[in-house]
Amino acid sequence: MHLPSPQEEAPQIQAVVRSSTRPEETSSTQGGRQGPGRSRSGSVSRETSSYGAYRASGSQYDVSRVLDSPIDEEFSAQVVDSPNSILQGDYFVRKSAFLGTTSNPSQSTKEQATPETAQSSPSASGVTRRQTLREKRVTSSPPKNSQFHFRSNSDVGLSRVPSLSNSLRSVKSYSTIGTSALLSSIAEAFREHISLKNHVKDSLEYKDSFTGQEAIDTLCKVIPTKDRGMAFKVGRALDSQKLFHDVTYEHRLRDSPDELYVFRESAGAFDDNASVRTNSSTPHDKQEVSGVFTQLTGCYSPTCSPNKLCYCSFCPQRMEQQARMSILSNASLERSDSRTSTQEKQKRQELWIESVPKEISDSLSKSERKRQEIIFELIYTEKDFVNDLELLKELYITPLRYGPYIEPFAREPFVRDVFYNINEIHNVSAKLGRALGDRQDEQPVIDQIGDIFLNHVKSLKPFVIYGGHQVYSKHRLEVEVKRNPKLAKFLEERERLPELRKLPIHSFLARPTTRLGRYPLLLEGVIKSSPEGHADIENLTAAISVIKECLSQINAESGKADNRLRLTKLNDTLVCKDGESKDLRLLDESRQLIRDGVIKKKSGVEQVELTMFLFDHMLLLTKKKKTRDGDRYEYRVHKKPIPLELLSFSSRDESVQKSATRRSSSSFLGKSTSAIATPKYMPDLNKGGYPLVITHLGRNGMSLTLYAANQADRKEWEEKIEQQRDLITRKTSIFEMSQLSDSSTFGVTYKITCSTTYSYGQKVAIGAEDGIYVGANGIKQRFRKVIDIEKVSQIAILEDFNLLLVLSDKMLVSYPLEVLESSEMVGVKRARKVTSHVSFFEVGVCVGRTLVCAVKSTAFSSTVKTYEPIQASVKPKKNSLGRLLIRNGIDGMKIYKEFYIPTESSSVHFLKSKLCVGCAKGFEVVDLATLSTQCLLDPFDENLNFVTKKENARPIDIFRLKDGDFILCYDEFAFYVNKNGRRARPSWLVNWEGNPASFALQYPYVLAFDPTFIEVRHVDTGNLEQVIPCRNLRKLNVDSNAIHCVANTFMDYQCVFSIKYTKEAVPTPTPVEPNNSQLERRASNPARYCYS
C-alpha cells in the first residue's frame, strides 16, 4: 500500500468544519440508528478506507506527528513532512477553488465540490454562525455521550461531531481550556499565551519571535496534553494556515529551540485593517484560522485505543488506526518521496566525498574530510544563493517591471522600493561564487579559502544597505498586495512554480540577510576542522570579524528602520487631544517605540481592551476604534500620556505581599517587637488576567489597574518599563539623595519637621515632635537627642549671636547654642520665651540688619513682628549673677518693627531693603522704613492676567537671579518678573507636574517638592530635567551647605536625606568674595537668600 504522493502545486487550504445533524434529521436518527454504511438518501455506500475516502474527495493529504512507539515511528516515516499536508492529524480540509481542479480525472462532478457549492449548502453556510456560538460557550466538564450527534458523508467518510452544548469549547485561559477542537480557539489561546521575545539566529536579531520548542510547550498547555506529538500535529495545523511562519520562510514548524517563528502580519502593525503586534489577539483581528481538529474531540467508545481498529465508523481516530493496521499487515510498505525526503536525497548526493576519487578521500584524515565537506557546502550553497537571486530577477523583477500587474506609472517605484539594490548584491555574490568555483576547479582538496573571503568581505556594504531597507521593502510589498488583487494572484501563481520550490517571495527577499548570517557559521566550522597553526585560520578569523561587524550594522539599521516605520504609522493613526501629540513628539529623530501590546482594563463588570505603547519617554494608553467610514482603524488616546519619570507601577501580587509583611500596632508605637500581620486569605490575583497597577504621579495623576494576558506578558511589561526608567534616571541624573539618619532614630512615631546646619555645615540639627537631635552632616548615623521639647515645627541657628531659635507649639523660644554640644539632655526650662501665638518665623538680612520675622497669621489678617538679635558678650561674667543672666537668655532679641497685613500670610522673603510677604492676594512688598505695602505684580501688565485673574493661586516662594529678574513660584506654575513687577521672559512659563508645597534653588535648577517626588527644572529653559520619586516627602531646610528633606522608607520609617549634585553634574563654582560672618554667607547664597 502506498500513501498518496504530493502534487507539484502548493495548495492553499481551507479547513471545513463538519456540521452537526439538522433538527429534521435528528428525529429519524433517534428513531432508529442509521447504519454506518448508509447515506442520508438511504442508499448503501461502499465502505472504503479513510485514505480512499480522502483520495475520492479530490485532495492530497498527509499526516504529521511525532510518535514514540516503533509502529508509530514507522507510520510517521511514511506520512511526515509532505509539502501539501493539509490534513494535520484528523482535521478535515479542502482546497480553494482558484487553485484549479484535482489532478484525478476519474473523479465525478459530485465529488469535486467547489467553494460556491460549499457556501450554498446548509452545513457550510452555518459554519461561521455555529462556530461563533461555540466559542461563546465555556465549560470545564466533558460532554456526555448523549450530547453527540452523528451524520454520514458519502464523499469523505464518516465523522463524529459533538453538539453545540459542550463539544467545541473556547480556549480562554489555562484554567478553562478543556479539549477544544476549534482551531480558531486554539489559535486565539496560542497567541494569548505564547511569550514573544527578541531572539538571535545566525547573528541576526528577530523581534517578537518565539522558538519551535516554546510553541510546542505552549500548545501542550493550551490543548492541554502531555503528548508533544499531539501538540506538534496541532502546531502543524496552525502553521499550514499561515498563522505563523519560520523567520527564513524555509521550513515548517519544528520542535526545536534553535528554530525561530513569527506571527504573520497582514500589512504591518499600524495599517488600516491590521491589529497591533501583540501577545494576545484582539476583537479587531480578522479570523483567518478555521477548521476542526477532530482528533481532539475524542471517541465516545470506552474501548477505543490507538493500536486497535475502533468498531465505531465515526471514530475520529479511525484513519490513524487503519494506517497502523495496514503497516502491521504489510511489512513491505514503501514510503513515497515527500518534499523533505527529496531534499534530503539531494543533499546526500551533494557531498564532497562523492565528487572526488575514493583514493583521494581515503588519503585524508577524518578532520580534513570534515573540513573539505564544509568548504564544499560553502561553495555549492553560494552557487544556490546566486541562482536564487537570478530566479528572483527572472521570475519576479522582470514580470513586475513590464507586466500588467501594476499600474505603469507605479511599476518602477514599486520594483525599486521592494527589491532595492538586489542587483548589487548579486554582483558581489557572483564574484565570490566564481572565485570559490575557480579554486575548487584548480584543486580537488582545497587548502585555503580565507584569502578569497578576506578580499571579498570588503565589498559587503550592499548587504548592509539592503538589510536596513528590508523593513520598508516588506511593508511596501504587503500594502500593494493588499490593495492589488492582480499582484496577489501573480504572487500566488509564482509561489506554485517548481523552480521556486513552492516558497513565497518573502523567502527570496530575506535570502541576502540570512545568507550573510550563514557565513560566520560555515567559516567557524572550517576553522574548527583545520589543524592547529594552519595558514588559513588567520584570514578566516579576520573575515569573520568583518562579516559580524556587517551583521551588527544590519541589526542596528533594521531596528532603526522598523522603529521609524512603526512610529510613522502610529503618528498617522493616532487621535489626540490638543497638545498631547506635541508632548509625544513621535517623529523626533531620537524617538523609540520600546513595546506595544493589548492590555485590558475593567469597566464595571466587563473588561475593555486597550492598546498600550511604551516609548523611550512616555507610556501611552489608547483605544483602537474603527473610523466613521469603516475603512480603517485609529488609535484614540484613552488617558493623558504618562512621562516615565512620573510613572510608578507594581503588580497586585506585590501589594498583597506588602500587606502580609506590614508591621503590627505594637511595632508602630515604637516597641521592640516586630510581629508580622499575615492576611487571613490571599485574593484571586489572576481573575480576569494578571494585574499591573500603573500610577501617574503628580497633579494630573491617576491609578489604573490593568490586566495582562499572562504572567510572561506582565513580566515583560514590568522589565521593559523598569529598564527604560533606569535608563532615563542615569541619563538625567543631576541630583542624588544621600541618607543621613538611620531608620531606628526616628521610626514612625514622632514626625520630623525641620532641620538646619551649623559649625560651617559640618553638623546638623533636626527638629521633631518630641525634641531636637544633632549629628554630623554627610554620613549615615544615629542622631542624638539633646533637647526634650514637644511639638517642634521650626528651628534656626544664629551662630554669630550664639542663639538657637525654636518654634514649639506656636511659641518662639531661644536657647544658647552650647546646649547642642551638651552631653546631657536639656528641657524647656533652659529656653527663653521670645513671643507666643506664632504661625511661623523666618531669619534673614534686610537693610543691613539680621532680622527674625515672627508671623501671627489667621484666615483674615496677619501680624508680623521683626526682631533684631542682640550680640552676645564675648566673655561671660565671673559672678554668679552674670552666669544666671546668660543662662536665662537676657542677651537675646529686641523688637525692630511690627506691621499688619489684612490677609492670611504663608511666607516671608528678604530683599535688599524690603520684605516680600506671600499671602492670599499674592506677593506683597513691605517697606520697613515707612511700613507701606504694595503688590509685587504690576496690575497694569496684561501679560500677568493669567495670575491676577486666577482664583486660589497660592504663592509659595520667590528667588532672585543674578541678572535681577525674580522667579515667582506658585503652587501651580512659575514665571519671571523684573524688579518693576512686570512680566519678564514672556515665553517662559512652567506648569508644575505635581502639587509642590515648597521650593529650593540650586542654580541653574529649581527644585519643587511634591509629597511623592522632587521635580527638577532648568531656570533658563523650564524643561523637566529630573524627577526623584519619594514617599511622603517634605522639605526641611535649604542653606548654602545642603538641602535636607525627609521621606519614608519601604517600611514607612522616617529618614532624613541630603540632596546633593551627582559627581557628573557638579556645576562650575562661581567665585564669591570671602565673607566674615555666617549671616553674610547666608546672604550670598543664591539658593535661598538672593540679595544684590
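In helix α7, the buried residues are Leu183, Ser184, Ser185, Ile186, Ala187, Ala189, Phe190, Arg191, Glu192 and His193; buried means under 20% relative accessible area, exposed over 50% and partly exposed in between, with a 1.4 Å probe and protein chains only. Ten of the eleven residues of α7 are buried, so the helix is largely enclosed by the rest of the structure. This is a predicted model, in which local features need pLDDT of at least 70 and side-chain atom pairs count only at pLDDT 80 or more, while totals for chains, interfaces and linings use all residues. Residues are numbered from 1 along each chain as its sequence is written, and side-chain values use heavy atoms, with hydrogens and water left out.

**How α7 meets α8**

- Helices (H or I, at least four residues) and strands (E, at least two) are DSSP runs, numbered from the N terminus.
- The axes of α7 (residues 183-193) and α8 (residues 212-222) come within 10 Å and cross at roughly 120°; axes are lines fitted to C-alpha atoms, for helices over the stretch in contact, and angles run from 0 to 180 degrees between N-to-C directions.
- That makes α7 oblique to α8, where angles under 35 degrees count as roughly parallel, over 145 as roughly antiparallel, 65 to 115 as roughly perpendicular and the rest as oblique.
- On the α7 side, Ile186, Ala189, Phe190 and His193 make the contact, and on the α8 side Ala215, Thr218, Leu219 and Val222 do; contact means heavy atoms within 4.5 Å.

**Aromatic rings**

- Rings of Phe, Tyr and Trp (its six-membered ring) pair if their centres lie within 6.5 Å, with planes under 30 degrees apart counted as stacked, over 60 as edge-to-face and the rest as tilted.
- By this rule there are 26 aromatic pairs.
- In one of them, the ring centres of Phe746 and Tyr773 are 4.9 Å apart and the planes are at 70°, so the pair is edge-to-face.
- This pair links distant parts of the chain, with Phe746 in helix α26 (residues 743-746) and Tyr773 in strand β21 (residues 771-776), 27 residues apart.
- Phe746 and Tyr773 are both buried.

**Charges over rings**

- Arg191 lies over the face of Phe263, 4.2 Å from the ring centre; a charge sits over a ring if NZ of Lys or CZ of Arg is within 6 Å of the ring centre and within 35 degrees of the ring normal.
- Arg511 lies over the face of Phe508, at 5.2 Å from the ring centre.
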